[in-house]
Each structure stands twice: as structure tokens, then as C-alpha cells.
Amino acid sequence: MWSKSDLQNLVKDKLGDYLFIVVSNRQPYVHVFNKGKVECRRGAGGVITALDPVMQACHGTWVAFGNGDADRKVADEKGKIKVPPENPSYSLKRVWLSKEEENGYYYGYSNEALWPLCHMAFERPLFRQEDWGQYVKVNRKFAAAVKEEAGDKKAFVWIQDYHLCLLPKFLKEISPSQFVIAHFWHIPWPNYDSFRICPQKKEILEGLLANDLLGFHIRNHRDNFIEAVDREIESKIDREKFSVTRQDHETLIRPYPISIDFEGINRISVSAEVLKIQEALVEEFRLGGYKVLLGLDRIDYTKGIPERLLAVDGLLERHPELKEKVVFLQMGELSRIHIPKYKELNDEINALVEEINWKHSTDTWEPIILVRRHLSFLDLIAFYRMGDVCLVSSLHDGMNLVAKEFVASRSDEQGMLVLSQFTGASRELTDAILVNPYDREQFSEGIFFALSMPDEERKKRMSKMRDLIQQHNIFRWSGKVLSELLKFEFKE
Ligand code: GDG
């Protein structure tokens, strides 16, 4: 089994005199003012969990957008600061963006054009020329920051996600042989008929083909990307090797399903702190005696939250005997609220919760509790521990880490996962109850099946899913990508 130290050793042994630079929009540490004092917060999410220890081991540099209100105060004149605060061992180099750049590059082109383009959630992408202009400008800014950091030294650069499609090309333009570049695409890559509407499709593909290695979660996304290249770009495609060669440069295209820190989550899930939070939450939401259905997401239209609410409504219609016996607890952190679609979704969710609660509630019970609050990591695990059934109903999702985190939190082998078949995670977690969130009846019955599953079967299914995630953990994921990039054989 791959561990954090295996990954650290790999990087130390194989990096040689190359620098290691990670580039992402989101930073691993953000500085904010809290009651007049500067506070440093660690970002959440798989990439940070996996790469923070790697960076600590190889003393690399992480380049990211400095979005915290106290970020400038603590950084030096080059935007740099050593992190983590308790053990400063690598550099975080912040890229500063103006409001206009943030609007055009982040909210505009990344999240109103590329995000809906890549997810089949039937939201029409908005391609504004001025957003594209800012997107190009900001990608150039990131390239300049990487070059400034590397000087003339050779560097491995690992880029994250759809915010930085053009960065690989700009880096190779600045210095053709200095950088070896990998890029991981965290969201789906759509089929060609969806992708071809993008006015900047050629520029995006050319940007990504400057990478030496391009990773997707699943084979289907890889194949969709290759198909887009085939239809749009003059190049040589090797379908045995899964590579594209264009102007003498070869890009390997590979699937790497991302994962989580299974051991870390598993350990915390049985801690006294988590148990204490769990008890407090049961009291706060008065969950004692009920079966708890759980949803936990960033509020986003790709996550299928209205569909989930409708499925719970359907469940209570079809199985009225469950009234006063189950509660659906939906936690949701607001996100991207500057974008009108996200505000509309929020209103839609509020209205649905009100309607369904009004329809089914009794004098002493309401079926749905909606909570909008940012959770600490410990709160998050406590929530997972309270759920009898976790509902993940994305309309389309690259992977979905909530599904994997829920399974890892259940060292008691209790709980069951109802999982959308349109998530990357559903390819691996075949012991979950797989549903089509657009099919309300089937989804409702899936929840019913999960609630009424015999103990033995539930334990068997959970144990199989837990074994899989334990083996295919986040450190193995990074190890696989880096092995390919550093060109040596990956060992299990
Ligand atoms: C993209 C792709 C892919 C949520 N609320 C809180 C909180 N979270 C954490 C969860 C989980 C993460 O956020 C969400 O990850 P997902 O994978 O579910 O979704 P996206 O944010 O859309 O991520 C996705 C992922 O990239 C990785 O490649 O799986 O398909 O869309 O880790 O736990 N964390 C805390 N408080 C919250 O309130 N601390």
C-alpha cells in the first residue's frame, strides 16, 4: 500500500537537480484577517492533501492565486512566503490578480464557459470575448511567475485543472526545453459534439498539447479528449500508446482516478474529537432516533441537489411509512455566488426544501434540514459518521471525493452510499447503489433499498469499497503521475 512517506521518498530519489513546481488556481495556504489578526488556513481537497507533503519533502514551490485578504501583508516583494506555518519547508508564490482579471479569468471564462462546457448538466456556457482576453492574460501571468521562480534551472511543473489550459504552451514558448510539464484535468472532458461549440477550442487544445503528460480521472474523458484532438488539430495520434504528437512534441494522455488520504480519514473518524462533535450535532439538529440521509456538497448545479430533494420527496410519497422515521440533512457550502446561475440554484433549492417540508411535515417532524455553513475537516468527518445513507447525485462529476470520504470515514462499516452513475467514482465504487439522478423513481427506490438493506450485505459492500480506497489512495495517485513524469516504472 502506498503511503505519504513512499511518495516523499520517490520524489527525493528521482527528482535529481530538477526543481519541482506545482501550479494551481487555489492556494494550499491562505492568509486572512480574523478580528484584526492574521490567520493562516490550510486549504481542503485531495490535491493539497497529496502534494503538501511532497512539497515539504522536496522543498519545491507552489504557484497560486493569492486570494486571501491578508496574503499581501505576509508575502515578500516577489509574492513569496514559506509554508506550512508550523514547519516552513517550501515556498508558496502568490500571483496577484486585479478584480477585473479575477472576474474575467476565474468567474467568467473558467466558471461560466469551461465549467458548463465540460459538464453535461445542461447549463449553457457563456463565451465572452473579454473573459477570454483576461483568461489569456492571467495564464501569461502564471507563466511569468513560474519562469521567475525557476530562473534558468530545469524544472518539473505540475499544473492543476481547467483554469490554466494555456499555461503549458506559454511556458514552452518562454523556454522550450527547460520545463517538463504534467497537467491534471479534475473535471470531465465532454464528448466532441459538446466541445465543438467552444469558440476557443483550437487554442485550448493547443495549450494542453504543450504538456508532456495530461491526466484525466477516467478513460472515457481521455478518449473524448483524443477525439477532440483528432477532429480539430493536425497531429499524429497513437491509440496504442495513448499519445498525441504535434510539431515533434509528444503528449501522453492517461487516466489517473484521484483519491483521498484513506488512513488519515480513517484514523480521525474514530477520534474522541469527532465523537464529541457528532454528539453535539445530533443534539443541535435533534437527530436522535431517526435514520439520517446525508448530502454534502459545494452548492453547484452539477451536483444534482434539486434532483436529490425530489428523490427524497418521491421516497416519502412511495413509502409513507418512513414519515417521522427519516431525516434528510443537506449540508451545502455556498460557492461562486457572484455568478447568477449559482444564485438561481440557491433560490431553487430553498423553494424546493420549503415545498417538500410543507407537503410532508407533521406537528413534530420535518423531513429536510438544510444547513449552509463551512465545516472544519473534523466537522465534515463527524457528519459522515452520522449518515445512515450518503446521497451523491451529481449530474456529471470528474470523480467526486465526497463519496470516497464517506466510505473512508465508516470504520464501523455502517452506512451505505447511493451514488450517481455519472460520477468518475462510480467506475470504482461498484458496490455502492448506483442510480441515475434524472430518473426520480429509480433514485427514490435506490434510497429505499439502501435504508432497508440487511446488515450483512451492507457490511460486505462497505468493506469491499473501503479495501479499494485504502489501496488506491491519494499517495498512490500522485506516485503514479510522478512516476510517468519522471519516467520510471511504477511499483505497487
Ligand atoms: C473537482 C471535481 C473531483 C465540501 N464542503 C466542505 C468541504 N468540502 C470538501 C469535500 C471534498 C471537496 O470539498 C469536494 O470535492 P468533490 O470531488 O466532491 O468536488 P469538486 O469541488 O467539484 O472538485 C471533482 C475533484 O475536483 C478532485 O479531482 O473529484 O469531480 O469537480 O473533499 O470534503 N470541506 C470542508 N468544509 C466544507 O464545508 N472542510
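The legends below describe close-up views of a predicted model.

**View 1. The largest nonpolar core and Leu329.** The largest nonpolar core contains 164 residues. Leu329 and Leu417 are the residues with the most contacts inside this core. At least three residues come from each of domain 1 (4-259 + 475-485) and domain 2 (262-471). Leaving out residues up to four places away in sequence, Leu329 touches Phe285, Leu287, Val292, Leu293, Leu294, Gly295, Ile369, Val371, Phe383 and Met386. In soluble globular proteins, nonpolar side chains tend to be buried together.

**View 2. His319 and its contacts.** His319 lies in the loop between helix H12 (305-318) and strand S14 (326-333). With a relative accessible area of 11%, His319 is buried, because the limit for that class is under 20%. Apart from neighbours within four places in sequence, His319 is in contact with Glu445 and Phe448. The side chains of His319 and Glu445 are joined by a polar contact of 2.9 Å.

**View 3. The ring pair of Tyr105 and Phe142.** The model has 21 aromatic pairs. In the pair formed by Tyr105 and Phe142, the ring centres are 6.4 Å apart and the planes are at 40 degrees, so the pair is tilted. The pair links distant parts of the chain, with Tyr105 in helix H4 (residues 99-118) and Phe142 in helix H5 (residues 129-150), 37 residues apart. Tyr105 is buried at 0% relative accessibility, and Phe142 is buried with a relative accessible area of 0%.

**View 4. The ring pair of Trp115 and Tyr162.** The ring centres of Trp115 and Tyr162 lie 5.8 Å apart with the planes at 45 degrees, so this pair is tilted. Trp115 belongs to helix H4, while Tyr162 is in the loop between strand S7 (155-160) and helix H6 (167-174). The two residues are 47 residues apart, and their pair links distant parts of the chain. Trp115 counts as buried at 6% relative accessibility, and Tyr162 counts as buried at 2%.

**View 5. An aromatic cluster.** Ring pairs link Tyr105, Tyr109, Phe127, Trp132, Tyr135 and Phe142 into a cluster.

**View 6. Arginine side chains over phenylalanine rings.** Arg140 lies over the face of Phe170, at 4.0 Å from the ring centre. The charged end of Arg222 is placed over the ring of Phe242, 3.5 Å from its centre.

Note on methods
Residues are numbered from 1 along each chain as its sequence is written. This is a predicted model: local features need pLDDT of at least 70, side-chain atom pairs count only at pLDDT 80 or more; totals for chains, interfaces and linings use all residues. Side-chain values use heavy atoms; hydrogens and water are left out. A nonpolar core is a set of buried Ala, Val, Leu, Ile, Met, Phe, Trp, Tyr and Cys residues joined through side-chain atoms within 4.5 Å. Buried means under 20% relative accessible area, exposed over 50%, partly exposed in between (1.4 Å probe, protein chains only). Domain bounds come from an automatic or database domain assignment. Contact means heavy atoms within 4.5 Å. Helices (H or I, at least four residues) and strands (E, at least two) are DSSP runs, numbered from the N terminus. A polar contact is a pair of N or O atoms within 3.5 Å; within protein, one must be able to donate a hydrogen and the other to accept it, and residues adjacent in sequence count only if both atoms are side-chain atoms. Rings of Phe, Tyr and Trp (its six-membered ring) pair if their centres lie within 6.5 Å; planes under 30 degrees apart count as stacked, over 60 as edge-to-face and the rest as tilted. A charge sits over a ring if NZ of Lys or CZ of Arg is within 6 Å of the ring centre and within 35 degrees of the ring normal.
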